[in-house]
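Good morning, and thank you for the time on today's agenda.

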Amino acid sequence: MIEVKDLQKSFGDVHILKGISTTFEKGKTNLIIGQSGSGKTVFLKCLLGLFDYEEGSISYEGKIFSKLSAKDKRNLRAEIGMVFQGSALFDSMTIAENVKFPLRMFTKLSESDMDERVNFVLKRVNLENAHNKLPSEASGGMQKRVAIARAIVNKPKYLFCDEPNSGLDPKNGNSYR
Ligand SMILES: Nc1ncnc2c1ncn2[C@@H]1O[C@H](COP(=O)(O)OP(=O)(O)OP(=O)(O)O)[C@@H](O)[C@H]1O
Ligand SMILES: [Mg+2]
């Protein structure tokens, strides 16, 4: 379970998150909706520890994220998958290398086990023949699907998706529900 208590976040004088309190329970899918610019992406980045905030706390399974040691933060991050709004792929890596990245970072799997897992998730997002393309050679919707594959490749306990359907056609958009 993830618990958020009275989260306050500003950029300079602009107060973006004004006391967000919520819980995300195990086994539930939660949807955050709000106007463009209302702070959805900022909130997700706070949950991931990518943004600092002025007040409040975020805890995972009862442990406050900001108080974890560097090692525990890393262990927790290994359990989190994130689909960023703009896909955030590494430009200089092929699609397969992008998807393999979390496995290299967080696991000790053999090269062939990693390849097998990469093949599985790329198939899952209907991208079986794109392994060796660079992100710049892929369409926006393909890039989004690579980002989804990368987010799920390490079987994350927590999966955060920032606008995962934007840029996808209805068939592809429906297939990951
Ligand atoms: N790094 C930053 N520095 C300064 N201001 C920022 C930064 N990131 C976001 N903001 C501001 O925070 C506010 C919320 O932005 P955010 O990206 O969270 O909106 P959003 O709800 O995700 O919108 P959208 O639906 O368009 O993706 C906006 O006013 C934005 O300009
Ligand atoms: Mg956003």
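**A walk through the model**

Let me begin with Lys171, which has its place in helix α6, a helix that covers residues 170-174. Please keep in mind throughout that this is a predicted model. Is Lys171 buried or exposed? Lys171 has 8 other C-beta atoms within 10 Å, and it is therefore exposed. Lys171 and Asp72 are 99 residues apart along the chain, and 39 Å separates their C-alpha atoms.

I turn now to helix α5 and to Arg150, which lies in that helix. Arg150 counts as buried, because 28 C-beta neighbours are found inside 10 Å; the cut-off for a buried residue is 20 or more. Along the chain, Arg150 and Glu128 are 22 residues apart, and their C-alpha atoms are separated by 14 Å. Which residues does Arg150 contact, once its neighbours within four places in sequence are left aside? They are Asn98, Val99, Phe101 and Pro102.

Those contacts lead us to helix α3. The buried residues of α3 are Ile95, Ala96, Asn98, Val99, Lys100 and Pro102. I shall take the two partners in turn. As a general point, two packed helices are described by the angle between their axes and the distance between the axes.

First, the pairing with α5. Helices α3 and α5 pack at about 30°, and their axes are 7 Å apart. That angle makes α3 roughly parallel to α5, since angles under 35 degrees count as roughly parallel. The crossing of these two helices, α3 and α5, is right-handed. On the α3 side, the residues that meet α5 are Ile95, Asn98, Val99, Phe101 and Pro102, while α5 contributes Val146, Ala149 and Arg150. Sorted by class, the contact of α3 with α5 has six nonpolar residues, one polar and one charged.

Next, the pairing with α4. Helix α3 comprises residues 95-106 and helix α4 comprises residues 111-124; they pack at an angle of about 120°, with 10 Å between their axes. How do the two helices α3 and α4 stand to each other? They are oblique, therefore neither roughly parallel nor roughly perpendicular. Helix α3 passes α4 in a right-handed crossing. In this contact, Ala96, Val99, Lys100 and Leu103 of α3 meet Met114, Arg117, Val118, Val121 and Leu122 of α4. By class, the contact of α3 with α4 has seven nonpolar and two charged residues, and no polar ones. I would point out Val99 in particular: it belongs to the α3 side of the contact with α4, and to the α3 side of the contact with α5.

With 8 C-beta neighbours inside 10 Å, Asp91 counts as exposed. Not counting residues up to four places away in sequence, Asp91 touches Pro135 and Ser136. Asp91 and Asn129 are 38 residues apart in sequence, and from C-alpha to C-alpha they are 18 Å apart in space.

Ser87 also has its place in the loop between β5, which is 80-83, and α3. Ser87 counts as buried, because 21 C-beta neighbours are inside 10 Å. Its backbone deserves a remark. Most residues other than glycine have a negative phi. Ser87, however, has a positive phi, near 70°.

Glu163 is another such residue: it is not a glycine, yet its phi is positive, about 50°. Where does Glu163 lie? Glu163 lies in the loop between β6, which is 158-161, and α6. With 14 C-beta neighbours inside 10 Å, Glu163 counts as partly exposed.

Finally, the domains. The protein chain is divided into domain 1, covering 1-68, and domain 2, covering 78-177. The C-alpha centres of domain 1 and domain 2 are 24 Å apart. How many residues are in contact between the two domains? Four residues of domain 1 are in contact with five residues of domain 2. By class, the side of domain 1 that touches domain 2 has three nonpolar residues, one polar and no charged ones.

Thank you for your attention.

Notes
Residues are numbered from 1 along each chain as its sequence is written. Chains are lettered from A and ligands numbered from 1 in the order in which they are written. This is a predicted model: local features need pLDDT of at least 70, side-chain atom pairs count only at pLDDT 80 or more; totals for chains, interfaces and linings use all residues. Domain bounds come from an automatic or database domain assignment. Two residues are in contact if their C-beta atoms, placed from the backbone, lie within 7 Å. Ala, Val, Leu, Ile, Met, Phe, Trp, Tyr, Cys and Pro count as nonpolar, Asp, Glu, Lys and Arg as charged, and the others, Gly among them, as polar. Axes are lines fitted to C-alpha atoms, for helices over the stretch in contact, and angles run from 0 to 180 degrees between N-to-C directions. Helices (H or I, at least four residues) and strands (E, at least two) are DSSP runs, numbered from the N terminus. Angles under 35 degrees count as roughly parallel, over 145 as roughly antiparallel, 65 to 115 as roughly perpendicular and the rest as oblique. A crossing is left-handed if the near helix is turned anticlockwise from the far one by less than a right angle, and right-handed if clockwise. A residue is buried if 20 or more other C-beta atoms lie within 10 Å of its own, exposed if 12 or fewer, and partly exposed in between; C-beta atoms are placed from the backbone.
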